[in-house]
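Colleague: Please take a close look at one helix for me. Walk me through what can be read from its geometry and its surroundings.

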Amino acid sequence: MKRKVVFTGTLDWEERLTVMRFAVEIGNRATCRTNALLRPLTGELLENAFREREMKIEARERAYIERARSFDPAAASPEMRAYFGGEVTAEKYGKHMAELIKQEEDAKRTIRRSYHVTVDFADLDREDMAFHASLSPRVTFGDTNELHEACDFSLTREIKDALLDSSLGSDPEEGFDYGAFYLGKSPLYYEDLCVFDGEDPILFTVSHEGIMDLFLSESDLVAFRDFELNKARNFKIAKKLFS
């Protein structure tokens, strides 16, 4: 099923909520994140998060070294030549890669010296805690210096219903229409909702940056026509997406 990214910048907040609910309905996997730890922080959890971040940095460093080793100046793109101010030599490119590696090393040192932790689970409802656990949360820094929990989970019917019954299905406060949502009695708060069909993206959001990308196929549009039994609204949205 081939999907292409469509421009969502013309949608208003109600329409963005609609397409997010549609993505949840047709997807089979999703990710999101908390902005705090919903469990006690232990030394083991912290060290695991440090090592995960450091291993990502080390993987990027190895990639930079390989790119410098295999670089062919004759194959440099016009954009690369413009970036380097004309001629691109192996020496120039190698120095550039070395600078990127230095930046990565600085980041690796900094993460253990400057990071933020917020722990907030005192008022969590027991049912909400059980639901959160069903999202397979993992304590991580990701690519930030803020410890949080990243969730990566299958979209079972039960979880879909919970998401569709969350603030994604209501009139949320401003800013909750780019993948941020809350649900449950506590309530639980999540952001950066992304939805997939296997490994293929359907929805990608970055809540704090107000970013939302939507990936749809022709068959998705056919399914969207009757979504929530609101053909008039859905036709209006589809027209905006493909205008």
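Modeller: Let's take helix α2, residues 43-70, in this predicted model. Start with its length. The helix has 28 residues, and at 1.5 Å a residue they should span 40 Å.

Now look at what is covered. The buried residues of α2 are Leu-46, Ala-49, Phe-50, Arg-53, Glu-54, Ile-57, Glu-61 and Tyr-64. Check the spacing of those numbers against a general rule. An α-helix has 3.6 residues a turn, so residues three or four places apart point the same way. What do the buried residues of α2 pack against? Their partners are α4 (90-111) and β3 (137-140).

For contrast, turn to α1, residues 13-26. Its 14 residues should span 20 Å at 1.5 Å a residue, and its end C-alpha atoms are 20 Å apart, which agrees. α1 is mostly covered, with 10 of its 14 residues buried. Buried positions run from Glu-15 through Arg-16, Leu-17, Thr-18, Val-19, Met-20, Arg-21, Phe-22 and Ala-23 to Val-24. These buried residues pack against several elements, including α6 (157-164), β6 (188-197) and α8 (231-241).

Conventions
Residues are numbered from 1 along each chain as its sequence is written. This is a predicted model: local features need pLDDT of at least 70, side-chain atom pairs count only at pLDDT 80 or more; totals for chains, interfaces and linings use all residues. Side-chain values use heavy atoms; hydrogens and water are left out. Helices (H or I, at least four residues) and strands (E, at least two) are DSSP runs, numbered from the N terminus. The expected span of a helix is 1.5 Å times one less than its number of residues. Buried means under 20% relative accessible area, exposed over 50%, partly exposed in between (1.4 Å probe, protein chains only). Contact means heavy atoms within 4.5 Å.
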